[in-house]
Amino acid sequence: MKIAFIGQKGIPVTFGGVEYHVDELARGLVCLGHDVRVYIRPWYTKKGLKSYKGVRLIHVPTIKTKHLDASLHSFLCSIHALFTGVDIIHYHAIGPSFFSIIPYIFNKKIISTVHRLDWDSEKWGAISKLFLKIGERISVSIPEKTIVVSKELKDYFLSHYQRKTIHIPHGIAVPEFEEPDIIKQKYNLGQKDYLLFMGRLSPEKRADWLIRSFLQLKKEAEQIKDIKLVIAGGSSATKGFIKKLRMLSKNNPDIIFTGYVTGKEKAELLSSALVFVLPSYLEGFPIVLLEAMGYGLCCLTSDILPHRDMIRNGVNGVLFDSKDTDDLTLKLKSLL
């Protein structure tokens, strides 16, 4: 079959859970003999790269702003896909799925994968939330099949729309452990001497909660005087929030902002962290948490449903009350 993917920023993956998902899925389908095309945004994937491990890369322009990047790109890709002779168009995320109505009008076969309820993020205003809500409804009504990545999403669509979806959780490759080399040179990090947050620096991830807890414990707990906090991630149209995080950190030398990391540097950070912390109030089925667990890290996460699907409290990780920042501080202190 000829299959086109729309909604992701691009591949090969450098950051982003959706991009990791599409990277793995597209290459896997090629290995099964399918003709796979992935639409990419020029700012994410090198312009000269036309194919990647058998996957055809289709460059379509966009305008890289908070409100136009994904929507304009998905619209143009949906138009382009009509003239490529593909058998299936696979949309990723509820925003891009809004535009699945275009190929639907022309009787194209459509699949949608919902990775999370994006409208619940604080970074979106009222109009954007309405657009995403409409995209959510379209993602479960127009496609031939709708895939969800967590049990929470499956239950949500059944209760809100009386629609059955297909639950396919994420998976990851077996990790390769790396000794601290790059991170030693760049950030003076060694084995088990830092806490690690990894992900988009957007409000729903709540890196600000972690920074506050870390700073409080630095004042109170003698046992963490030599421990650092690494914030590994970058902007997702959230420059204002990142400015807030840096102001909150007050240029503390024990708080390190790395930006997005990939490849060996990412592997080194995951190989040597003392505790991995994910305080989010909104997730789908976070691949980064799977990766942290794959590296055998002690994981401290909020007790939202997607995390509870993955973490058994006190067995393979620790959960804290997602509505209580003091509980995050208490649980982190206890672990340390």
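Six strands line up in an open sheet, in the order β11-β10-β9-β12-β13-β14, and their pairing is parallel. Strands here are DSSP runs of E with at least two residues, helices are runs of H or I with at least four, and both are numbered from the N terminus. Two strands pair if DSSP finds at least two bridges between them. At the edges sit β11 (255-257) and β14 (318-320), each pairing on one side only. From one strand to the next, the twist averages 20 degrees. The whole picture comes from a predicted model, in which local features need pLDDT of at least 70 and side-chain atom pairs count only at pLDDT 80 or more, while totals for chains, interfaces and linings use all residues. Residues are numbered from 1 along each chain as its sequence is written, and side-chain values use heavy atoms, with hydrogens and water left out.

At one end of this sheet, β13 (residues 298-302) runs parallel to β14, and 3 bridges join the two. T301 has L319 in β14 as its bridge partner. Helix α10 (residues 263-272) packs on the sheet, where it touches β9 (194-198) and β10 (228-232), and its direction makes about 130 degrees with that of β9. Contact means heavy atoms within 4.5 Å. Angles run from 0 to 180 degrees between N-to-C directions, and axes are lines fitted to C-alpha atoms, for helices over the stretch in contact. Helix α11 (residues 287-294) lies across β9, β12 (275-278) and β13, at about 165 degrees to β12.

The axes of α8 (residues 207-220) and α9 (residues 239-249) are 10 Å apart, at an angle of about 0 degrees. On the α8 side the contact involves A207, D208, I211, R212 and L215, which meet F241, K244, L245, L248 and S249 in α9. Sorted by class, this contact has 6 nonpolar, 1 polar and 3 charged residues. Nonpolar covers Ala, Val, Leu, Ile, Met, Phe, Trp, Tyr, Cys and Pro, charged covers Asp, Glu, Lys and Arg, and the others, Gly among them, are polar.

There is another open sheet, with 8 strands in the order β3-β4-β2-β1-β5-β6-β7-β8 and mixed pairing. Its edge strands are β3 (51-52) and β8 (166-167), each pairing on one side only. Strand β7 (residues 145-148) runs parallel to β8, joined by 2 bridges, and V148 stands opposite H167 in β8.

Helix α2 lies across β1, β2, β4 (55-59) and β5 of this sheet, running at about 145 degrees to β2. Its buried residues are D69, S71, H73, S74, C77, S78 and A81. Buried means under 20% relative accessible area, exposed over 50%, and partly exposed in between (1.4 Å probe, protein chains only). Those buried residues pack against β1 (2-6), β2 (35-40), β5 (88-92), α3 (94-97), α4 (101-105) and α5 (126-141).

Most residues other than glycine have a negative phi, and most peptide bonds are trans. A cis peptide bond, with omega about 0 degrees, joins I11 and P12, and P12 sits in the loop between β1 and α1 (17-31). A93, in the loop between β5 and α3, has a positive phi near 85 degrees. At 14% relative accessibility, A93 counts as buried. K192 has a positive phi too, of about 55 degrees, and its loop runs between α7 (182-187) and β9. At 39% relative accessibility, K192 counts as partly exposed.
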